[in-house]
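Hi there,

Here is the structure I promised to pass on. Have a look at it first, and my notes follow below.

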Amino acid sequence: TDTVWSVEDSLNELEALARTAGAEVVGTMRQRLSHPDPATYLGKGRVQELSDAEMQLNCDLIIFDDELSPTQQHNLEKLLNARVVDRTALILDIFAQHARTREGILQVELAQLEYRLPRLSGQDLAFTRQAGGSRGATGGVGGAIGVRGPGETKLEIDRRRIRSRISELKENIEDVRKQRAIYRRQRSEQAIPVVAVVGYTNAGKSTLFNTLTEAGVLVENKLFATLDPVTRHIVLPNHQEILMTDTVGFIQKLPTKLIAAFRATLEEVVEADMLLEVVDVNHENAIEQSETVNEILEDLDALAKPRVTALNKMDLVDDPEDIDTSLYPNAVPVSALQNRGLDRLLHKVADVLADTMERVDVIIP
Ligand code: GDP
């Protein structure tokens, strides 16, 4: 997709992500760097320019689209006297806000700590080193005995705490996985089809979920005390019951370090009987976004699953004739915000699901 997405698109997406995270974007600065400065990422002149802009705009956070090394981030914060984060930190923040399944929450905390560990700085080392703490002098085997005692700096304590939390998290994640497998078996025994809601970040998935909740299509979850908080029990117009589950928004330029956390939150997609894709048809990159969704689904081996597409935000589209619905499988125009078209959408879900189940009946007599 790198050829389809320009620097401009990438920065626009960064802006959208920043808003999703709750920031107000007051300005952007564009620069393509072939050789970023190892100490400050930007060259001296650009740092000065950024510093001037920052004073003028009175902002307290600067977000870089590229990944910054711990040193670059630290130096920039000192030079600019503002918080500096990169795309990875921003996405982690969004994941943290959106993670609702137990495994998702654990995976995000793990990714956050792995991101933070090399970024812990030793700047206040001199002030926190406790009395008698010359580790160099004690050295050798003796230095490793009673690590907790005098001689360990605050930095070392922080690092040790984070490392031990990281191993704890990894164990917890394993446990959750095992439990999930048990729930899943129960679910498939109950034979209620699972529909996973997927889509690009900001397409309107949460809004759709909320509107369905307010419209009262949801059933009390008495039967399903074990459901994830993002899964709802719904009765379709043809009385077919389904479990509908929300997923984290897809993103085009996902930093590699976040893939594990992202995939973990997408386990529902792999397990689902059917997908409900939400597309923001009013977005200028709607088609590219949908292609990104397809690529991620292919990665997850879920591209062939039956799918219904909610062409969302139709209320913002001037001329509905302009939308090429044939680009999307089983498309239904809707406005999740204004509760329009959702009835038709649920009918379509029921039809496609009924179709799928018939086919399965034929294959397994
Ligand atoms: P998610 O990231 O896919 O969960 O997207 P959200 O549900 O958070 O929606 C992102 C933004 O789009 C929010 O500001 C919503 O109010 C807005 N939005 C969602 N659905 C619609 C819609 O049908 N029409 C309009 N105009 N805005 C919508």
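What share of the contacts in the protein chain with a separation of 6 or more comes from residues 24 or more positions apart? That share is 65%, where contact means heavy atoms within 4.5 Å.

Before the rest, some housekeeping. This is a predicted model, so local features need pLDDT of at least 70 and side-chain atom pairs count only at pLDDT 80 or more, while totals for chains, interfaces and linings use all residues. Residues are numbered from 1 along each chain as its sequence is written, and side-chain values use heavy atoms, with hydrogens and water left out.

The protein chain contains 13 helices and 8 strands (DSSP runs, numbered from the N terminus: H or I of at least four residues for helices, E of at least two for strands). Of its 365 residues, 42% are buried, meaning under 20% relative accessible area with a 1.4 Å probe, counting protein chains only.

Now to the ligand. Around it sit 15 residues, of which Asn202, Lys205, Ser206, Thr207 and Asp315 come nearest (a residue is near if one of its heavy atoms lies within 4 Å). Helix α9 (residues 205-214) gives the largest share of this shell, 3 residues.

The distance is 2.8 Å for a backbone N or O atom of Asn202, 3.0 Å for a polar backbone atom of Ala336 and 3.3 Å for one of Ala203.

Best wishes

Terms used:
A polar contact is a pair of N or O atoms within 3.5 Å; within protein, one must be able to donate a hydrogen and the other to accept it, and residues adjacent in sequence count only if both atoms are side-chain atoms. Buried means under 20% relative accessible area, exposed over 50%, partly exposed in between (1.4 Å probe, protein chains only).
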